[in-house]
Amino acid sequence: MTRTESRPESTPTLRWEDAFSPAGRRLSSSAIREILKITQAPDVISFAGGLPAPELFPMDAIRQAASSVLDRYGPAALQYSTTEGHLPLREWIAARVNIPPANVQIMTGSQQGLDLLGKVLIGEGDVVLVEAPTYLGALQSFAPYGPRYLQMQTDEGGIDLDALEEQLKTTRAKLLYCVPNFQNPTGRTLSLERRRRLVELTARHGVIVLEDDPYGSLRFTGEEIPSLYELALEACGGPDGSHVVYSGSFSKVLVPGLRDAWVQAALSLVRKLVQAKQGADLHTPTFNQMIIAELVHDVMPAQIGRVKAVYGARAQTMMAEMKAHFPAGVTHTVPQGGMFLWVTVPEGLDTTPLLERAVARKVAFVPGAPFYALGGGENTMRLSFSSANDGQIARGIRALGETLHEALA
Ligand code: PMP
């Protein structure tokens with residue numbers, strides 16, 4: 001007898017779709033993950049994923065750090081530990097911006113920070129301002145808490161502050177989420193002048209700012225610009241007066257698989273995050289935090305230097321190939337760091353159906369539309385230059401150029 005046959009006739013069939021909570025119902029799978037499935041054929045050159053270059057991972061240093069952590073801490077390296085995080089790591093993070101370690105909460109990837117910040121800050125119907133386009137993972141993290149997304153206009157310099165000022169005159173927003181450095185997906189960077197205006201404007205209107213900065217250390221050209229968080233610290237006189245919440249990550253400067261990241265914020269918010277994190281995962285893996293803490297002093301600075309040099313060269317190669325092979329009328333951003341650039345094709349050409357034609361020519365990208373919270377961007381695409389080598393970039397961009405020429409003919 002099969003299991004189905006043994007079920008008593010009176011047992012109702014459980015329909016899981018009806019059982020999901022309002023938060024569960026608001027979850028949807030990332031459009032990108034679905035798209036990436038078609039790009040994963042082995043011989044396709046992919047500019048679609050957002051993966052750091054694995055050949056640059058500091059394997060030997062991590063092996064050594066793991067071993068010395070076990071020697072130094074013994075079983076404590078594998079024991080439960082505090083929710084706030086490994087103190088030496090928090091101290092190192094705090095010292096960078098001259099705040100007390102109490103204002104730093106370690107997260108299991110900055111993705112967890114986005115989720116927990118959404119959980120403790122976003123109530124149903126709260127207005128959340130996001131860039132158009134924005135990081136898709138943030139939209140996914142916030143969605144269960146019922147935000148009402150409003151898009152901020154952007155231009156080549158990122159968020160358009162004149163437009164935002166107008167928007168804030170008529171809109172009561174709770175939270176503004178942005179990626180000021182080498183944004184995912186566009187690669188754009190917000191200028192110092194715009195940052196100052198953003199910090200001042202949001203403070204005046206009582207809008208909390210969530211500054212997501214996983215790429216900030218990966219600048220390969222141009223001058224460093226202070227973070228919104230640092231500007232807010234100056235303006236508000238200290239970490240507990242800051243309306244800017246900063247999210248940092250070790251994923252792009254060391255390795256993503258250890259899942260180590262952090263949030264810097266006012267103490268009252270950190271305390272609430274601690275409670276949320278206790279319910280989520282008790283703490284970020286002890287061993288991983290200890291390994292990262294071993295690496296931040298010597299290995300990480302050298303690693304950042306290597307990564308920047310390679311990504312900078314790959315971005316240059318990609319832009320040179322695009323200049324040579326893309327049709328007139330196709331434009332792109334010129335990133336000063338990070339892993340992405342953003343391509344705009346002539347109005348009327350939709351990049352989503354184009355992807356299949358590109359994959360047939362053995363190259364893949366991510367269509368831009370999913371990065372818009374409220375629609376738009378059909379004639380855009382994101383290209384990642386971090387994980388293909390120069391030869392692959394040259395072949396891939398040529399193939400993408402052919403696809404575009406054909407589509408525009
Ligand atoms: N924010 C942005 C803007 C990202 O691009 C990413 C990774 N793609 C994340 C957050 C999440 O990174 P992690 O959880 O690895 O720190």
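The shell around the ligand consists, by class, of five nonpolar, eight polar and one charged residues. In this predicted model, 14 residues surround the ligand. The closest are Gly109, Ser110, Gln111, Ser249 and Ser251.

Next come the sheets. One of them is an open sheet of seven strands, which follow one another in the order E2-E10-E9-E8-E7-E3-E4. The pairing in this sheet is mixed. Strand E2, residues 104-107, and strand E4, residues 148-152, each have a single partner strand, so they stand at the edges and one side of each is left without a neighbour in the sheet. On average, neighbouring strands here are turned by 20° against each other, direction ignored.

Strand E7 covers residues 175-178 and strand E8 covers residues 208-212. The two run parallel and are joined by four bridges. Which residue of E8 is the bridge partner of Leu175? The partner is Ile208.

Another open sheet has four strands, in the order E11-E12-E15-E14, and its pairing is antiparallel. Strand E11 (331-332) and strand E14 (366-367) are the edge strands, each pairing on one side only. Strand E12, residues 340-344, runs antiparallel to strand E15, residues 380-384, and five bridges join the two. Phe340 has Ser384 in E15 as its bridge partner.

The loops hold some backbone features to look for. Most residues other than glycine have a negative phi, and most peptide bonds are trans. Against that background, the peptide bond that joins Ala132 and Pro133 is cis, with omega at about 5°. Pro133 is placed in the loop between strand E3 (127-131) and helix H8 (136-142). Asn184 and Pro185 are also joined by a cis peptide bond, and here omega is about 20°. Pro185 lies in the loop between E7 and helix H10, the latter formed by residues 192-205. Where is Arg259 found? Arg259 is in the loop between strand E9 (244-249) and strand E10 (261-264). The phi of Arg259 is near 55°, which is a positive value in a residue other than glycine.

The helices remain. Two packed helices are described by the angle between their axes and the distance between the axes. Helix H9, residues 161-170, packs with H10 at an angle of about 5°, and their axes are 11 Å apart. An angle under 35 degrees counts as roughly parallel, and H9 and H10 are therefore roughly parallel to each other. H9 contributes Leu161, Leu164, Glu165 and Leu168 to the contact, and H10 contributes Arg194, Arg197, Leu198, Leu201 and His205. By class, the residues of the contact of H9 with H10 divide into five nonpolar, one polar and three charged.

The crossing in which H14 passes H16 is right-handed. On the H14 side, Arg314, Thr317, Met318, Glu321, Met322 and His325 meet Asp390, Ile393, Ala394, Ile397, Arg398 and Gly401 of H16. The contact of H14 with H16 has five nonpolar, three polar and four charged residues.

The crossing of H15 and H16 is right-handed. Leu354, Arg357 and Ala358 of H15 meet Leu400, Thr403 and Ala407 of H16. The residues of this contact of H15 with H16 divide into four nonpolar, one polar and one charged.

Key. Residues numbered from 1 in each chain as written. Predicted model: local features only at pLDDT ≥ 70, side-chain atom pairs only at ≥ 80, totals over all residues. Pairing = 2+ DSSP bridges. Axes fitted to C-alpha atoms, helices over the stretch in contact; angles between N-to-C directions. Left-handed = near helix turned anticlockwise from the far one by under 90°. Contact = placed C-beta atoms within 7 Å. Nonpolar A, V, L, I, M, F, W, Y, C, P; charged D, E, K, R; others polar. Near = placed C-beta within 6 Å. Parallel < 35°, antiparallel > 145°, perpendicular 65-115°, else oblique.
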